[in-house]
Amino acid sequence: MDLNYTPEQEAFRTEVRQFLEDNLPDDIRERVQKRLRPDKAMTERWQKILFDKGWGASTWPKEYGGTGWDPIQQIIFEEERALAGAPRQLDFGLRMVAPVIMTFGNDEQKQRFLPGILSGEDWWCQGYSEPGAGSDLASLRTSAKREGDHYIVNGQKTWTTLGQHADWIFCLVRTSNEGKPQQGISFLLIDMNTPGIEVRPIIMLDGEHEINEVYFDNVKVPAENLIGEENQGWTYAKFLLGHERTGLANVGQWKAMMKRLKEVARQEQDGQRPLIENTRFRDRLAQLDAELRALELTVLRVLTDKRGPGPQASILKIRGTEIGQQLFEMLMEAGGQDAIAHIPEALELDYNGPRAGSMEATPSAGDYFNMRKLSIFGGSNEIQRNIISQLVLGL
Amino acid sequence: MNFDLSEEQQMLNDSLRRFVTNEYGFEKRGEIISSGTGIDRATWSNFAEMGLLGFTFPEDYDGLGGNAIDTMVVMENFGRGLVVEPYLATVVLAGGLIRDAGNDAQKADILPGITSGERLLALAHYEPGARYNLSHVQTTARKDGDHFQISGQKTAVLHGGQANQLIVSARTSGGVNDESGLSLFLVDSSAKGVKVDDFATHDGHRTAEISFSNVTVGADNLIGIIDEAFPAIEKAVDLGIAALCAEAVGAMEAMNAATLEYIKTRKQFGVPIGKFQVLQHRMADMFIQTEQTKTMAILAASEADSNDRASRREAISMAKTLVGQGARYVGQQGVQLHGGMGVTDEMFAAHLFKRLTLINLLFGDADHHLAQVSDGLLAKTA
């Protein structure tokens with residue numbers, strides 16, 4: 001047992017840090033560090049920079065153009081990435097659909113889809129939830145009927161994050177109504193430019209357009225876009241969710257935010273003293289700091305476990321999202337009443353207008369509202385507790 | 001970065017697990033607790049034979065040269081079986097202090113005796129009114145020729161009534177709360193002027209209130225540097241905290257296992273109560289708390305031997321904070337899920353709960369250590 005990083009790992013950290021210092025464009029760094037509105041072009045530009053370096057996919061094996069990094073290297077990369085103020089890469093392609101294609105797709109599908117994900121050329125979104133199928137995902141009704149060498153898809157998906165930018169959507173569709181609901185589900189890749197698809201925005205409580213509804217009206221999808229076997233989609237869907245959850249612990253991001261929160265607590269004034277001297281605030285900060293340390297080491301413990309993460313990944317999802325939400329909450333509270341003004345135009349890089357309070361306070365309440373999603377998506381934290389009680393505790 | 005036990009540690013773990021299951025059962029433990037001394041000499045000899053008592057001592061003094069990770073493995077198993085023997089008092093605290101602060105003669109005199117199981121020692125440090133403040137010492141040691149005269153009152157001396165010798169902290173200079181001016185002395189429990197009041201604790205261990213009235217000790221009984229004992233005391237307590245964190249993990253895992261078993265078999269409304277989602281989620285939260293605690297116990301053990309004070313203290317206090325909170329949650333909820341049975345003396349869960357509760361109260365509770373972490377944040381500002 002040794003909780004220190006090896007000299008090789010430290011050298012790797014230095015290499016990543018140096019690369020970020022040399023290659024992260026200033027405007028991207030500024031946008032991320034000031035927590036301004038995310039921008040499609042920025043995300044694509046950053047993915048291209050990483051791709052050119054050969055670091056387009058930190059979690060992929062080398063044979064598909066990934067880095068081949070081990071879990072510790074991936075964690076180090078994420079930590080340094082967040083600390084430097086580089087954007088988080090998009091999960092939907094890289095961490096969600098790609099592992100499914102690698103594991104269950106055929107060679108043709110791998111050659112066709114993986115390169116576009118790696119370079120950032122293809123933007124993916126997720127078609128899982130439906131208005132009537134949230135936590136009870138298996139009750140989904142969007143149907144795909146086989147007609148010759150095509151499927152005809154009808155139905156509606158919802159909560160489709162960044163679907164407005166997407167070129168492709170990976171969908172769970174119903175191909176059979178026989179047997180248990182889980183048994184008639186298939187995993188289908190659909191070109192978002194296909195006639196019959198309509199994307200309608202859902203405005204979130206922070207006033208931002210991040211999620212969408214996606215409607216399918218007799219959408220014709222080539223049968224070669226089916227992953228694996230028909231009616232086996234539930235297996236692939238669960239596999240994907242396992243990958244998603246490990247990433248949702250998001251420790252690198254939270255560590256960078258904790259560092260920022262400590263700085264803010266020193267800058268913000270509480271009467272004649274800095275906020276950090278307010279014992280009640282500082283004690284809560286200390287509690288969160290300890291919990292984040294526990295999360296960080298628990299992630300390392302789980303990811304270095306030779307038996308693999310398994311259903312224990314649910315712990316990481318629960319704790320990671322709870323801690324993330326508390327960080328955003330404290331960041332908002334650090335600004336006090338400076339946080340109350342809603343100035344959406346201040347979320348753009350070129351904004352020079354008036355503000356209420358500090359630059360730091362401007363996005364803080366909006367972010368806090370937005371981040372309530374963390375404990376809801378990716379399988380709500382209550383669903384995670386169901387998973388723990390069933391698969392770990394055997395209840 | 002790896003979290004695996006070494007092959008030796010894995011073997012130690014396996015044999016301790018067997019020992020606790022087969023030879024330190026609930027009934028046996030009950031007999032030991034209600035015996036006169038509250039400890040079991042045969043078990044202690046057994047520990048000596050297994051090599052447990054000198055695990056962390058240097059090889060030159062009959063030890064095995066182990067570290068706090070080895071102690072973690074031992075204590076986790078002790079927590080699982082609620083072992084009440086004076087391992088923390090004698091081996092971890094007193095043994096650790098002698099190992100880290102004693103001179104060669106003292107090490108040669110004391111450590112082999114601990115290793116063989118012949119000698120029991122205890123650390124007499126905390127005082128009435130000090131609460132968890134380590135520098136608050138009013139007991140005095142007055143130099144008198146080539147002797148010292150010790151007078152004062154010590155509280156919460158774990159297994160003090162069973163010890164042959166006490167390591168006593170006393171003020172040789174400075175004010176009541178000063179970190180400097182503290183010294184450590186080795187005192188025979190039978191020395192003139194030592195009065196020991198031995199008590200059982202709620203969780204089946206033993207504690208003592210000990211007063212010293214003009215107790216005379218020779219200058220060679222001074223352990224470490226005069227006036228400069230504080231860092232050694234602090235480090236010994238940190239070793240003790242790391243050990244308690246590991247013990248809490250074992251007790252929490254045992255509590256989860258016992259509770260899980262109970263809610264799978266206890267039926268109400270025609271079904272096992274573990275079918276109810278409200279209990280399932282409670283159990284899931286107990287499991288999450290335990291995993292987090294386990295991580296922090298590993299962190300504490302990894303840092304406990306470190307001489308980088310700031311880093312060690314931060315890790316230890318973070319660990320004890322979350323362990324205290326986790327122990328409280330798992331203890332309370334374990335009892336709750338056992339229903340009426342949980343508040344009876346016949347249930348192992350009730351005894352686990354009592355130990356978990358007292359672990360939080362020893363060497364600083366969650367609030368105390370959270371304040372330490374919090375003040376550490378302030379210090380970093382300056």
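Among contacts in chain B between residues at least 6 apart in sequence, what percentage join residues at least 24 apart?

Modeller: This is a predicted model, in which local features need pLDDT of at least 70 and side-chain atom pairs count only at pLDDT 80 or more, while totals for chains, interfaces and linings use all residues. Residues are numbered from 1 along each chain as its sequence is written, with chains lettered from A and ligands numbered from 1 in the order in which they are written.

In chain B, 73% of contacts between residues at least 6 apart in sequence join residues at least 24 apart (contact: C-beta atoms, placed from the backbone, within 7 Å). Of the 382 residues of chain B, 51% are buried (20 or more other C-beta atoms within 10 Å of the residue's own).

An automatic or database assignment divides chain A into domain 1 (7-89), domain 2 (124-231) and domain 3 (249-392). The C-alpha centres of domains 1 and 3 of chain A lie 21 Å apart. Their contact takes 16 residues from domain 1 of chain A and 13 residues from domain 3 of chain A. On the domain 1 side, the elements giving two or more residues are α2 (26-33) and α4 (71-84) of chain A (helices are DSSP runs of H or I, at least four residues, numbered from the N terminus). α4(A) gives the most, with 8 residues. By class, this side of domain 1 of chain A has 6 nonpolar, no polar and 10 charged residues (Asp, Glu, Lys and Arg count as charged; Ala, Val, Leu, Ile, Met, Phe, Trp, Tyr, Cys and Pro as nonpolar; the others, Gly among them, as polar).

Note on methods:
A residue is buried if 20 or more other C-beta atoms lie within 10 Å of its own, exposed if 12 or fewer, and partly exposed in between; C-beta atoms are placed from the backbone. Two residues are in contact if their C-beta atoms, placed from the backbone, lie within 7 Å.
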